[in-house]
Structure formats: structure tokens, C-alpha cells
Amino acid sequence: MMNKQELLENLEWRYATKLFDADKKIPADLMDAIEDSMVLTPSSFGLQPWKFLVITDRAVKEKLIEHSWNQPQVTQCSHLVVLTALKETTESDVNAFLDDTHAKRGGDKEGLAPYKGMMLGFLSNMNAEQKLNWAKSQVYIALGQLMTTAAMLEIDACPMEGITPAKYDEILGLEDSRYTTVLACPLGYRSADDKYAELAKVRYEKDRVIESI
Ligand SMILES: Cc1cc2nc3c(=O)[nH]c(=O)nc-3n(C[C@H](O)[C@H](O)[C@H](O)COP(=O)(O)O)c2cc1C
């Protein structure tokens with residue numbers, strides 16, 4: 001197990017990278033581990049209302065940068081992850097999840113009926129906008145998992161809300177799909193010229209943020 005000092009050192013080491021070294025690519029085995037980590041992200045009920053697009057195609061990155069406040073990370077990164085949310089979780093998504101649960105865990109399928117009822121009840125209490133917002137909240141958990149995993153592997157990342165999701169949807173062909181862009185996260189290796197790497201972390205003191213009760 002990683003000791004607590006290593007953990008905190010890696011979390012201190014990570015920062016929202018502004019300049020990537022465009023020549024350094026993430027090795028395939030590490031990228032595999034990052035993808036596995038994203039798959040392992042927990043979500044409400046376990047419903048996983050998301051899809052993650054991993055973009056290395058230079059032409060696609062170049063189309064996206066102008067809809068990303070021209071932030072250079074989009075084209076200079078090794079891999080651009082676009083995190084998308086399932087627009088509307090339906091009963092068939094709940095069924096698919098329960099089929100998978102049964103396939104992985106076996107047992108009595110009928111025993112899952114109360115769980116199904118709970119999920120359908122939860123979803124039926126939300127309108128389309130609320131369902132999308134719920135799905136987006138789950139996507140942010142995946143972003144956290146992605147950033148932390150990357151830091152543990154000493155891979156740099158920049159969480160990025162400074163994009164135009166509708167344009168991303170258009171370019172990535174999502175408009176007629178069930179998914180919509182939430183945010184992006186370029187991954188790669190920091191450039192030696194990125195002065196942001198040297199800046200002190202700005203975080204409130206622990207006693208302001210954490211309260212023991
Ligand atoms: C959801 C989210 C969206 C962000 N969007 C951007 C962005 O579009 N561009 C950027 O350079 N940084 C972006 N940031 C980075 C934050 O500014 C940064 O994480 C924060 O200032 C703390 O600094 P640190 O991550 O370097 O420790 C974003 C961060 C988060 C969590």
C-alpha cells in the first residue's frame with residue numbers, strides 16, 4: 001500500500017497543468033490503468049450514467065481547441081479525455097445494470113426486484129433536467145477519480161470546464177446520441193516551461209474546511 005506521505009506528496013505534486021510537453025506521450029499500459037480506474041468510479045446506485053471519450057486524433061483536438069477558450073492543453077496533451085453524461089437514465093438502463101449485477105454476482109434475480117423498485121422510484125421523482133443534473137454530478141466523481149489516479153501515476157492533468165459543451169457534442173457526433181459533454185480533462189506530461197508547476201498551493205487551512213463533531 002502507498003504510505004500516507006507518498007499519497008500526500010503526489011497530491012501536492014499535481015496541479016492544473018497549463019502547458020504540456022507535446023512530445024511526451026502516456027505509455028499504453030498507464031493509459032489502460034487510467035481507463036480501468038475511470039471504469040471503477042462509484043456512482044449513485046451504481047448506475048454509471050456516463051461515457052468517457054479518449055481522444056488522441058490531432059485533427060479532432062484541433063477542432064476542439066477553438067471551443068475550449070483556445071486553451072493550449074487541448075492540442076498539446078497526450079490524451080484528451082472528454083467526460084459525458086447520459087442525458088436521461090431510463091428503465092432499460094436500470095434493467096441493463098441489473099442484468100450486469102446478476103451476471104457478475106449470480107444469485108436470485110427476483111431478489112433484485114426491491115432494488116429495481118427503489119431505483120425506478122428515485123428516477124421517477126426527477127424531470128429530464130434533474131436527471132441530467134444528477135448524471136452530471138456522477139460525472140464529476142469520475143473527474144475526481146481520474147485526477148487522483150493520474151497524480152498517483154505521476155501523469156499530469158487539467159480539469160477543464162472552460163469549453164463549449166454544445167460544440168463538443170457537435171464535433172464528437174454526440175448530438176443524436178444519448179450522451180452530452182460535461183467537461184474535458186487533458187492528460188500528459190507537464191512542460192518544463194509551465195511556471196504554474198512551481199506555484200504554492202492555495203488551499204484554506206484544515207480547521208476552516210474540516211469540522212470535527
Ligand atoms: C471542475 C473544474 C474545472 C476547471 N476548469 C479549468 C479550465 O477550464 N482551465 C484551467 O486552466 N483550469 C481549470 N480548472 C483548474 C482550477 O483552476 C484548479 O484546479 C484550481 O485553481 C486549484 O489549483 P490546482 O488544481 O493547481 O491545485 C478547473 C478545475 C476544476 C475542478
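Figure 1. Asn-70 sits in the loop that joins α3 to α4. In this predicted model, the phi angle of Asn-70 is near 55°, a positive value in a residue other than glycine. Trp-69 likewise lies in the loop between α3 (58–65) and α4 (73–76). Its phi is also positive, at about 55°, although Trp-69 is not a glycine. Most residues other than glycine have a negative phi. Asn-70 counts as exposed because its C-beta atom has 10 C-beta neighbours inside 10 Å. Trp-69 has 12 other C-beta atoms within 10 Å and is therefore exposed; the cut-off for this class is 12 or fewer.

**Figure 2. The shell of residues around the ligand.** Tyr-15, Ala-16 and Lys-18 are among the residues that surround the ligand. Gln-71 also belongs to this shell. By class, the shell holds five nonpolar, two polar and three charged residues.

Figure 3. Thr-17 is placed in the loop between α1 (4–13) and α2. Setting aside neighbours within four places in sequence, Thr-17 touches Gln-73, Asp-156, Ala-157, Cys-158, Arg-190 and Asp-194. Val-209 is 192 residues from Thr-17 in sequence, and the two C-alpha atoms are 24 Å apart in space.

**Figure 4. Packing of helix α5 on helix α6.** Helix α5 covers residues 91–105 and helix α6 covers residues 113–124. The two pack at an angle of about 150°, and their axes are 10 Å apart. At this angle α5 is roughly antiparallel to α6, because angles over 145 degrees fall in that class. The crossing of the pair is right-handed. From α5, the contact is made by Glu-91, Val-94 and Leu-98; from α6, it is made by Lys-116, Met-119 and Leu-120. The contact of α5 with α6 comprises four nonpolar residues, two charged residues and no polar ones.

**Figure 5. Lys-116 in helix α6.** Lys-116 belongs to helix α6. It counts as partly exposed because 16 C-beta neighbours lie inside 10 Å, a number between the limits of 12 for exposed and 20 for buried. Apart from neighbours within four places in sequence, Lys-116 is in contact with Val-94 and Leu-98. Both Val-94 and Leu-98 are residues of α5. Asp-32 is 84 residues away from Lys-116 in sequence, with a C-alpha to C-alpha distance of 32 Å.

**Figure 6. Packing of helix α2 on helix α7.** Helix α2 runs over residues 28–39 and helix α7 over residues 128–152. Their packing angle is about 150°, with axes 9 Å apart. The crossing of α2 past α7 is right-handed. On the α2 side, the residues that meet α7 are Ile-34, Ser-37 and Met-38. On the α7 side they are Ala-142, Gln-145, Leu-146, Thr-149 and Ala-150. The contact of α2 with α7 contains five nonpolar and three polar residues, and no charged residue.

**Figure 7. Asn-125 in the loop between α6 and α7.** The loop between α6 and α7 contains Asn-125. Asn-125 counts as exposed because it has 9 C-beta neighbours inside 10 Å. Ser-37, a residue of α2 that meets α7, is 88 residues from Asn-125 in sequence. In space, the C-alpha atoms of Asn-125 and Ser-37 are 31 Å apart.

**Figure 8. The whole chain, for orientation.** The protein chain has nine helices and four strands. Along the sequence these follow the pattern α-α-β-α-α-β-α-α-α-β-α-β-α. The C-alpha trace spans about 60 × 45 × 35 Å along its principal axes. Of the 213 residues, 25% count as buried. Among contacts in the chain with a separation of 6 or more, 82% join residues 24 or more positions apart.

How values were computed:
Residues numbered from 1 in each chain as written. Predicted model: local features only at pLDDT ≥ 70, side-chain atom pairs only at ≥ 80, totals over all residues. Near = placed C-beta within 6 Å. Nonpolar A, V, L, I, M, F, W, Y, C, P; charged D, E, K, R; others polar. Axes fitted to C-alpha atoms, helices over the stretch in contact; angles between N-to-C directions. Parallel < 35°, antiparallel > 145°, perpendicular 65-115°, else oblique. Left-handed = near helix turned anticlockwise from the far one by under 90°. Contact = placed C-beta atoms within 7 Å.
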